[in-house]
Amino acid sequence: MTTPSTRYAQFKLVLLGESAVGKSSLVHRFVKDSFDEYRESTIGAAFLTQTVNVDENTTVKFEIWDTAGQERYKSLAPMYYRNANCAVVVYDITQAASLDRAKAWVKELQRQANESIVIALAGNKLDLESDREVDTSVAQSYADEAGLLFYETSAKSGENVLELFTGIAKKLPIDAAASRHRPVPKGVDLSKPSPSSGSGACNC
Amino acid sequence: MEEEYDVIVLGTGLTECILSGIFSVEGKKVLHIDRNDHYGGESASYNLTQIFNKFRPGKEVPQDLGRDRDWNVDMVPKFLMANGELTNILVHTDVTRYIEFKQISGSYVYRDGRVAKVPATEMEAIRSPLMGIFEKRRMKKFFEWLATYKADDPSTFQGMDLDSMSMNEVYAKFGLEPGTKDFIGHAMALQLDDSYLTMPARETVDRIVLYLQSVARYGKSPYIYPLYGLGELPQGFARLSAIYGGTYMLDKPVDEILYDDDGKFMGIRSGEEVAKAKICIGDPTYFPSKVRAGDKVIRAICVLKHPVSGCDNADSAQIIIPQNQVGRKHDIYTTVLSSNHNVVPKDHYLGMVSTVIETNAPHLEIEPAIKLLKPISETFMGIATLYEPLEDGKADNVYISRSYDATSHFETTTDDVKNIYRRITGKDLVLKKRPTVDEEQAAQA
């Protein structure tokens, strides 16, 4: 579906934010362009990929890590932040407290992740404008101050979702990463079958 | 937390995390708790602050040691066998998608005061300084036999009955010398002491074959190691568990284990909260009255600013000092790692020495290994007691894991995982292949 482009790079993107602000729904909208009102907490595939075309000849592939619920009791592992190139920190515009939590996640990212990480703040549930508790200007000025990208989104309607991910893609160091077409492991590929597998399939 | 679960798991060590992952994938509702604020329990990798808190409480971390997060030091040093069971479990559960592995550059053994590479092929045996010319020929014959050996085909046993013959008798058949037996038994079969010599040979032969096949897999040594330290392993399996619905709570004290009138596990209490389940899995630290203390292990973490000359200045290595070589009953294990594995900052190396304690002066027991590492800029030394459960858990539904032992790899850990699984379910663990990222993507398309 994507035309061959001259520049291509892959990046790890992590999602953060309080439970029920719509982290998974945002990704769902981005990856599958669908929305499920009664989406259960994340179970099963919490590792998705999606590409965006930044311009005619530049494609960025996101390798998206969902929290898998481990943020609920402050149990996210250092592994989650490891080598993350970008992060979407989500809050709910109808819950003022969720912005405070988002600010705490931004601090955590600055402590645990790469210095060069690109962070976007996403005020989700824009479709619930009548219940809004967080003014756009308040979040915008915080984002400016902290050096974050800022978007208000609706996973339900799809508004601004692609813009959010494209905005991040434009900020990423594509040229530096483009030389490695895939995140080629520095190490060994464990799934490669053993040269001397003897009896063949294992029945562990 | 205040709900009913199928399984409550206490402690986030590797054994617990693998089991938590397996049960979540099988559809069980799992609550996984750790009283610590980090993953890994005894099998965690520590950053600088955590290292100083543990070994030098109250002391300032020196500035010249670099950034906190550049340090990921294993509390229990081990390597994975490339063809071992943990690798198999990692591949089947596709936890490999979260962790990158690197080869360990070399496997070395100490003999007659010097360190040499463990030969793993006929060619290496011919070149090895470990053996004289005639012994090399005998070793070559031994390797030639192992290359044709198939565990399930007795016609490949060269007429030997490996279930009744002892390993000593097998060595005798090939005419191998005591010094050669030392490195085969201890640096290849990775036996901890010499009791294996009089036991049926099959287990040791299988271990040697595992070693050789592991070397054959990537070439340089039989060992692989996760970037950022072994602490990535429990984190990876915890993530697997969470993705399949497991609930994680760190920094959560367990104040009481609750039992019903029949003495069966019922749940746990943390502060005012109670979580219920019929089955509990936990590490020994949560059940001090249900475990017995066994051997004690000394582990020394040595920070170096140079590679280890004895192992060809490799960026990583294992050096085994067989017990006989230094007049001991237990081998001394040394692992060497570097910034290439993201466990120390650039230009630093890590030497980790461990052995089962035999005297009242354990720090002197590890001196032969320490000598190989000198000069050492920082040493952190600790002694750990190994615990094992008193009972199999069927009476009270509390299934307790064993401490991580002195072996240099994870084969005994995965044995414990399988053993606990069998005790709980009555069945052998059969891992279903989880789809890889690519397969998941294809299914979504």
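Me: How many helices and strands does chain A have, and in what pattern?

Reply: Chain A has six helices and six strands. Along the sequence they follow the pattern β-α-β-β-α-β-α-β-α-β-α-α.

Me: What is pLDDT, and what does chain B average?

Reply: pLDDT is the predictor's confidence in each residue, from 0 to 100. Chain B averages 94, and 99% of the residues there score at least 70. For chain A the average is 85, with 82% of the residues at 70 or above. The model as a whole scores ipTM 0.85 and pTM 0.92.

Me: Where in chain A does pLDDT stay under 50?

Reply: The general idea is that where pLDDT is low, the predicted coordinates should not be read in detail. In chain A, pLDDT stays under 50 over residues 196-204.

Me: Is Tyr228(B) buried or exposed?

Reply: We count neighbours: a residue is buried if 20 or more other C-beta atoms lie within 10 Å of its own, exposed if 12 or fewer, and partly exposed in between, with C-beta atoms placed from the backbone. Tyr228(B) is buried, because 20 other C-beta atoms lie within 10 Å. Its backbone has a feature to look at as well: phi is near 75°, a positive value in a residue other than glycine.

Me: Which other residue has a positive phi although it is not a glycine?

Reply: Asn160(A) has one, at about 70°. Asn160(A) lies in the loop between strand 6 (149-152) and helix 5 of chain A. It counts as partly exposed, because it has 19 C-beta neighbours inside 10 Å.

Me: What about Asp55(A): buried or exposed?

Reply: Asp55(A), in strand 2 (residues 47-55) of chain A, is exposed, with 11 other C-beta atoms within 10 Å. Over chain A, buried residues make up 40% of the 204 residues.

Me: Which residues does Asp34(B) contact?

Reply: Two residues are in contact if their C-beta atoms, placed from the backbone, lie within 7 Å. Setting aside neighbours within four places in sequence, Asp34(B) is in contact with Gly11(B), Thr12(B), Gly41(B), Leu250(B) and Lys252(B). Asp34(B) sits in the loop between strand 2 (30-33) and strand 3 (45-46) of chain B, and it counts as buried because it has 29 C-beta neighbours inside 10 Å.

Me: Which residues have the most contacts inside the largest nonpolar core?

Reply: In soluble globular proteins, nonpolar side chains tend to be buried together. A nonpolar core is a set of buried Ala, Val, Leu, Ile, Met, Phe, Trp, Tyr and Cys residues joined through C-beta atoms within 7 Å. The largest one here has 188 residues, and those with the most contacts inside it are Ala87(A), Val88(A), Val89(A) and Ile8(B). Residues touched by Ala87(A) include Leu13(A), Leu109(A) and Ile119(A).

Me: How do helix 1 and helix 5 of chain A cross?

Reply: Two packed helices are described by the angle between their axes and the distance between the axes. Axes are lines fitted to C-alpha atoms, for helices over the stretch in contact, and angles run from 0 to 180 degrees between N-to-C directions. The axes of helix 1 (residues 23-32) and helix 5 (residues 161-171) of chain A come within 9 Å and cross at roughly 85°. That makes helix 1 of chain A roughly perpendicular to helix 5 of chain A; angles under 35 degrees count as roughly parallel, over 145 as roughly antiparallel, 65 to 115 as roughly perpendicular and the rest as oblique. Leu26(A), Arg29(A) and Phe30(A) of helix 1 meet Val161(A), Leu162(A) and Phe165(A) of helix 5.

Technical notes. Residues are numbered from 1 along each chain as its sequence is written. Chains are lettered from A and ligands numbered from 1 in the order in which they are written. This is a predicted model: local features need pLDDT of at least 70, side-chain atom pairs count only at pLDDT 80 or more; totals for chains, interfaces and linings use all residues. Helices (H or I, at least four residues) and strands (E, at least two) are DSSP runs, numbered from the N terminus.
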